[in-house]
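Please keep the sequence and the structure open as you read.

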Amino acid sequence: MEQVSSWKLVYNGFDPAEEGLREALCTLGNGYFGTRGAAVEAYASDVHYPGMYIAGVYNRLSTRIAGRTVYNEDLVNCPNWLFLSFKIGDDNWFWPSAGRIIFYRRELNMRSGVLHRTLRFRNMKGQITLVESSQIVHMGAPHYGAISYRITPENYSEKIHVRARLDGTLLNSGIERYRQLNSKHLQPVSLGRFKNNGMYLTLRTAQSKITVSEAATIRLFADGKEKRPMFQSTTKGNEGIGLEFSFTAQKGTTYLIEKVVAVYTSIDKHTTSPEDAAILALRKTPRFDRMFDVHRKAWEKLWNIHDITVTGDTFAQCVLRLHTFHLLQTISHHNDLIDAGMPARGLHGEGYHGHVFWDELFAMPQYDLHMPHIAQALLKYRYRRLPRAREYAKANGYKGAMFPWQSGLKGTEETQALHLNPMSGRWGPDYSRLQRHVSFAIGYDVWRHWERSGDRAFLAEYGAEMLLSIARFCASLVTIDPHDGRYHTVGIIGPDEFHEKLPGSGIPGHIDNAYSNVMIVWVLRKALELPHLLPASHLKRLMSKLSLRQEDLDLFGDITKKMAVGINNEGIISQFSGYFRLKELDWQYYRRKYGNIQRMDRILKKEGDSPDNYKVSKQADVLMLFYLLPITEIKEIFHTLGYAFTSRQLRANFDYYAKRTSHGSTLSKVVHCMLAHQLRMPRAFRQWFDEVLASDIHDIQGGTTKEGIHCGVMGGSLDIVRRCIAGVNFKGEVITIRPELPTGWTGLKFRFCHRKTWVSLQISRNRIMITVDKTASRGSRAVVELSGKQYYLASGETLKIPFSSNP
């Protein structure tokens, strides 16, 4: 049973059916590596799934499926460092799912980044044992993890045997629908011992040849003193190593075992030998308490920057912190030294093979406004893969840089060629790589980072080249029709994903996906602003490097005036050409038959039908435009294209598409929530917001969270609080604030950094307080707009304004 408090997520009782979800939500990480919150005594089974994922460690394997060879690159499940168990006398080794549990409590403390667990169990002899464990993945020192494990025999005295392991026999087998794919990614290199109580294990990925080394030490304490038992080593073939020891336990005495691990890889900066580095890191093994103190202080610094404080709603407070916590465990302050993007499912599981999609678009505001240098690290991950993006574009007959829908180690397209429908058990073609909008999203991230950070140097050195390369790709996507004089796109799939082609067509993709067409125009418009932002000499060098000519810029401008967008007589934007000719879906019929119809694509294909035949979307497609772009900008774009668009049409489009969307993606709820706020629909906004908050903690998609968290919805929830509830938005250097506290909320407080100036915002039911931090550079100021009036705040200055928000 789940309990929440402002800083803790607590599960009482051991529930095998819920273990996968709890493991994912109790994952610990630091941006460098993440470890699922599995029981330390457990091997992989139908109940438990230990997972250890290191940022950037991918490997590709081939599998023969459905008559063809397919290739899949995975974020590798690296050796399990957690394993630590014991047995009493000649009894069996303790395993939670096989034990007779009397009491079981797991507590994730987000404030200090520690996972506590307390359990009592009785064996067949009636012996009762209390086990208390704490574990961390060190936020202050990215290569370390540690476990504190206390054993107390409550009603017996007997010999206890302890076993600790580094287990490299694991497969990438955490997701049932992937299990037909080859998943043995690691090959043994070496293993051994060091000192009396140390062991190490080194393996290498089969194809990408990345070396992964783990070293661990084990220490025993009783009555406040360290004991030095005789350690014996055991091996599991040449893919695992363990240390075992025994001690005679006395009733009522607590015995403390500490396990510390060091993790290094061959892709780490400044590391020539991962094995030597891991062993050297543990030559002087620190105590758990000392490590935890440094780790706790590192988390304290992060929370001072990132925390959103809510009063009046404990559930919202807990979940917003949970979302912040898991984002920071996926991408943290260590990532400026790591060449890795943001996996859509975090470092928490094997969903989507650990690939990088477009989900960072929803999380980037959190990093732009709190850790701009880490936002730049994410953008540099893309920048370093520009050469591959250019190759990918050229291979598909385009110019510029086309980023892959799914990215991993090197930036090649990692989208599956075949996809398994778990409802039918059949494999079918996967056309999702035709979602070219991932490139538009990267261009969007570049521009928004420039707007929020004001970092002209980053724009000049990295951002401009990315944006111009993407713009050139955008221009090569379109062709002009001499009959209507407009530019059109062909063979593109939008964010919806359900619709892969028109009914009866053998060619995948659509003509004039509206979201893609408008975002192409947006990217080109921003690219054309760059000459006004960069020094002429720099722009000239960049144009020469990219072989861009004035004629290319002229083409950019022409497309921004003549792009085709389909709009019917009711003002509804056509998702793609031919959309309005599709059949309506009998939603009630399928709800009665299946209950959960979020994945209508799988349901229809199972029945021998296709979502291509119906007006049914997985997630927001047309409506995604209004999530990304303010209505004023939408109107300006449409006006320049020669189309009329009004605020009234926004409501019409929302009503039209919302009832034709199954919300098979958590991101869809984020978009609909934001739009409900824009449209002044408070009841709908609160309903959508509650669903956004529940997405992972309650696993509302029916089993997907155990495969890894959803970084997009987590980032989206924080952005909703900022943009909608606090009403914080930006117009150049001006910070506009228009708060609307939900029913039940009595206060909201957070900080953010806009253009190198830190601002603290505190909102109550009757007052707004804005403070510019004293750390702001000399002469800097914040320009704040409230109720149409602008205020200029210098460093250290506080503004207090009466405010009325009806509960």
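A residue counts as buried under 20% relative accessible area, exposed over 50%, and partly exposed in between, using a 1.4 Å probe and protein chains only. By that scale Ser547 is partly exposed, at 48% relative accessibility, while His270 is exposed, with a relative accessible area of 81%.

The model is predicted, so to speak of local features we ask for pLDDT of at least 70, and side-chain atom pairs count only at pLDDT 80 or more, whereas totals for chains, interfaces and linings use all residues. Residues are numbered from 1 along each chain as its sequence is written, and side-chain values use heavy atoms, with hydrogens and water left out.

Helices (H or I, at least four residues) and strands (E, at least two) are DSSP runs, numbered from the N terminus. Ser547 lies in the loop between α11 (536-545) and α12 (550-562), and its phi is positive, about 55°, although it is not a glycine. His270 is found in the loop between β20 (255-265) and α2 (274-281); its phi, near 65°, is also a positive value in a residue other than glycine.

## Strands and hairpins

Two strands are said to pair if DSSP finds at least two bridges between them. Strand β11 (residues 128-137) has 9 of its 10 residues buried, so it is largely enclosed by the rest of the structure. Strand β10 (residues 114-122) pairs with β11 in the antiparallel sense over 8 bridges, with Leu115 opposite Gln135. The hairpin of β10 and β11 has 5 residues between the strands, and Gly126 in the turn has a positive phi of about 85°. Strand β12 (residues 144-153) pairs with β11 too, antiparallel over 9 bridges, and a hairpin of 6 residues joins β11 to β12. Here Thr129 has Pro153 as its bridge partner.

Elsewhere, an open sheet of 3 strands runs in the order β3-β4-β5 with antiparallel pairing. Strands β3 (28-29) and β5 (52-54) stand at the edges with a single partner strand each, so one side of each is left without a neighbour in the sheet. Strand β4 (residues 33-35) meets β5 over 3 bridges, and Gly34 stands opposite Tyr53.

## Nonpolar cores

A nonpolar core is a set of buried Ala, Val, Leu, Ile, Met, Phe, Trp, Tyr and Cys residues joined through side-chain atoms within 4.5 Å. The largest has 233 residues, and those touching the most other members include Phe86, Trp358 and Phe626. Helix α9 (residues 456-477) gives the largest share of this core, 14 residues. A second, separate core of 18 residues includes Val114, Ile136, Tyr144 and Phe288.

## The largest cavity

On a 1 Å grid over the protein atoms alone, a cavity is a set of points where a 1.4 Å probe fits but cannot get out; lining residues have an atom within 4 Å of a point. Grid points are joined across faces, edges and corners, and a volume is the space filled by probe spheres set on the points. The largest cavity has a volume of about 100 Å³. Its lining includes Leu361, Tyr444, Arg448, Tyr627 and Asp719, and α5 (360-368), α8, α15 (624-628) and α20 (711-725) each supply at least two lining residues.

Conventions:
1 Å grid on protein atoms, 1.4 Å probe; cavity = no way out; pocket = protein on both sides within 12 Å on 5 of 7 lines; lining within 4 Å.
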